[in-house]
Amino acid sequence: MSGVREALAKARYYVREFSGEAAYDRYVAHARSHDPDAEVLTRRAFERARTDAREADPREGFRCC
Amino acid sequence: MPEPEATGTTRDTAGASSGGLSPKSIAVWVLVALIGAIGWGVLALSRGEEISAAWLLAAALGSYAIGYRFYSRFIADRVLRVDKTRATPAERLDNGVDFHPTDRRVLFGHHFAAVAGAGPLVGPVLASQMGYLPGTIWIVAGVIFAGAVQDMVTLFFSTRRNGRSLGQMARDEIGPVGGAAALVAVFVIMIILLAVLALVIVNALADSPWGVFSIGMTIPIALFMGFYLRVLRPGRITEVSLIGVALLLLAIIAGGWVADSSFAGVFTLDKQTLVIWMVAYGFLASVLPVWMLLAPRDYLSTFMKVGTIALLAVGVVIAMPVLKMPSVTDFASRGDGPVFSGSMFPFVFITIACGALSGFHALVSSGTTPKMIQKETQVRVIGYGAMLTESFVAVMAVIAACIIEPGLFFAVNSPAGVVGATVESASQAVTHFGFAISPEALAQAAKDVEETTLLSRTGGAPTFALGMSQIFSSVIGGAGMKAFWYHFAIMFEALFILTTVDAGTRVGRFMLQDTLGNVHKSFKDVSWKPGVWIASAVVVGGWGYFLWVGVEDPLGGINQLFPLFGIANQLLAAVALAVCTTLLVKSGRLKWAWVTGLPLAWDVAVTLTASYQKVFSENPKIGFFAQRDLYQDGIDAGKVIKPAKNLDQMHTVVTNATVDGVLSVLFALLIVVVLVDAARVCVKAVRAPQDVALTEVPWSESRIVAPAGLIATPEERRELAAAGLDSGGGKTKEPVA
């Protein structure tokens, strides 16, 4: 059982990392690692800022032919 | 300033893991080499008989394994001297957002998804007109010695420069002239690239109500996903992607219903109408906010891309189809093939860019990926490894193109001027090439995938879709599923081509705004709407022009434009390899400069020969100006020359040939400018090494412990265990000894 659970957890980790879903958690962890009480953006505000950054410089995240 | 020798610890560890192969690993590598050699042997010795695609896979995979294990390791350890004690930008500048050390297995996926697109699926299909062997040899040899090397070395140097872009590195390391030439090259290439990709889609969707309906549905699906992520549940990318993919599959199935219904007429569009829709879409998509259309489309196309490529690999292995195309056709030596003109050298090497050597990858390798890499030692698996994977995709495209009947291949890929409009005329034309196929068989092939016609569906996508539907339907669903799989494949290619059209227009616009900003300051402000609209309109107008021309050209748009796209892509590779070679020389690695210098020399020979032939050849099928003269003389004499049908079309040919010819000259000049400037800098660096100024970020100590390859070695596992980390690696409190 624990083997299956471990495999599922691993799959979940990869999917979240690969899709970019983990970006917010990473941002919060990063901010809190320096100051546990740091003010962080809400998920909504963070995701907005993240997409809007591509607006400002479309070269980020460009994909090839 | 010559590069300091890597520190003692690195050399020791590198020595410990590479020195002295164990008998077991010697046996394994001898076996791998044998598999590859047998694969190549069967490919080379087969004369006339049909062979299994398994041999192609064996040859490719065996060669990749050897190239990765030995050549990429040599480049990493001896040439680049990657340093595991040196902190990467991701570690030094970690901000948790764009700079952050990323699990190498995740980054491999990101990098692969960013470099692999429609390119490796299109070029190899077109090149199959010369048989499967020339294309396969170039894909495999090209990736091992040129393409993967370029990606890896660019990634390495950009990582040492905080993720600077190729253009910035060209300016910093070569100079303002070379830098400016590189910038112009990127812009012009982008325009041609977008036009050719859009043309591929227009050719696949023309008169196909099923295709138009399903692709059209991706717009509302993407808008819904965008709204969901922005308003309903921000950041829940996985769930919205799953919903999106489900809707997408529904759209493909519904396309079949629509095609059978009375609505079919509404979605049956000719090429000219599709061009107008494409241009309108391209403009609107690029001025809408990223979150509405681009971001959700990106998620959708990445999911589809990775999923379909994995499925295809499994399908090929299970179905093991037989290659029906000859290994080398007569077109290879005669150079008069209908898909593209010109002989094997240089045109196979121009036609297959992505999958063997693609300049565009240098833009991805310098930019996003270097900001996320945990360890310098990982440039090997990410730069070299991901490119090998893309090359494998290209090999699968060759397989898809070569398992369908050769007669069908040529009927699908020849311009309308060659095969005519009916199955009878097409059968006759193709039989004339030496590949017999009956009119009934052509009609049946179209009926199988529920299209009205497959004739002259040039551009590679429909051919690839035919091959893929043949493979998939032999594994799942049988002949009844052929139409579904065909449209699935078309959807899959159209999806990421449309994403590229949107993203590429934005990049072109950004570059244009940046340049125009030097003249009129407001242009630099990317939130200044008139500037955005004007620059977008210019970029869309640019590729829209070539797209229109490609559809109208009686000689066939793909036939005329694809060589230009290939030359442009190889030109960008020349820029990247020139920057890499210059950096090797400047950083005191002169004796290893051949590692990128030889592929550069080859690439320049190919590109300049192709440009020379495109400009000066007296054969009007190859030389643009010879073509122009032929048709101009015809106009002067009041004659109509086939395949033009009237004087208007004669004028179209004259205008197109002139524009294409001028572009060929421009590309050749740009290459020469970059090369001369790079050579000047190299000579200076060799003469006076003490005066060399490198822009490299100084060494600082890394505290990250992470394996170099996808799978940790026993020694790396011990290091991870000692630091109390899992297989993903991470930061330690103590400095790495």
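This is a predicted model: local features need pLDDT of at least 70, side-chain atom pairs count only at pLDDT 80 or more; totals for chains, interfaces and linings use all residues.
B:His651 lies in helix α28 of chain B, which spans residues 647-687. B:Gly634 stands 17 residues from B:His651 in sequence, and the C-alpha atoms of the two residues are 9.9 Å apart in space.

Between B:Thr713 and B:Cys354, which are 359 residues apart along the chain, the C-alpha separation is 32 Å.

Two helix pairs of chain B were examined for their packing. In one of them, helix α9 (residues 176-205) of chain B packs against helix α24 (residues 529-552) of chain B at an angle of about 45 degrees, the axes lying 8 Å apart. The angle is therefore one that makes α9(B) oblique to α24(B), and the crossing in which α9(B) passes α24(B) is right-handed. On the side of α9(B), the contact is made by B:Ile191, B:Ile192, B:Leu194, B:Ala195, B:Ala198, B:Leu199 and B:Val202, while α24(B) contributes B:Gly542, B:Trp543, B:Phe546, B:Leu547, B:Gly550 and B:Val551. In composition, the contact of α9(B) with α24(B) comprises 11 nonpolar and 2 polar residues, with no charged residue.

The other pair consists of helix α10 (residues 209-232) and helix α23 (residues 482-516) of chain B, whose axes come within 10 Å and cross at roughly 45 degrees. With this angle, α10(B) is therefore oblique to α23(B), and the crossing of α10(B) and α23(B) is right-handed. Here B:Trp210, B:Gly211, B:Ser214, B:Ile215 and B:Thr218 of α10(B) meet B:His487, B:Ile490, B:Met491, B:Ala494 and B:Leu495 of α23(B). The residues of the contact of α10(B) with α23(B) divide into 6 nonpolar and 4 polar, and no charged residue takes part.

Chain A contains 3 helices and 0 strands, and its elements follow the pattern α-α-α when read along the sequence. The radius of gyration of chain A is 16 Å, whereas a compact globule of 65 residues would have a value near 11 Å. Taken along the principal axes, the C-alpha atoms of chain A fill a box of roughly 45 × 45 × 20 Å. Of the 65 residues in chain A, 25% are buried.

The contact between the two chains draws on 30 residues from chain A and 39 residues from chain B. On the side of chain A that touches chain B, the elements giving two or more residues are α1 (2-19), α2 (23-34) and α3 (43-56) of chain A, and α3(A) gives the most, with 8 residues. The residues on that side of chain A divide into 14 charged, 11 nonpolar and 5 polar.

Key:
Residues are numbered from 1 along each chain as its sequence is written. Chains are lettered from A and ligands numbered from 1 in the order in which they are written. Two residues are in contact if their C-beta atoms, placed from the backbone, lie within 7 Å. Helices (H or I, at least four residues) and strands (E, at least two) are DSSP runs, numbered from the N terminus. Ala, Val, Leu, Ile, Met, Phe, Trp, Tyr, Cys and Pro count as nonpolar, Asp, Glu, Lys and Arg as charged, and the others, Gly among them, as polar. The radius of gyration is taken over C-alpha atoms; the globule rule is 2.2 Å times the number of residues to the power 0.38. A residue is buried if 20 or more other C-beta atoms lie within 10 Å of its own, exposed if 12 or fewer, and partly exposed in between; C-beta atoms are placed from the backbone. Axes are lines fitted to C-alpha atoms, for helices over the stretch in contact, and angles run from 0 to 180 degrees between N-to-C directions. Angles under 35 degrees count as roughly parallel, over 145 as roughly antiparallel, 65 to 115 as roughly perpendicular and the rest as oblique. A crossing is left-handed if the near helix is turned anticlockwise from the far one by less than a right angle, and right-handed if clockwise.
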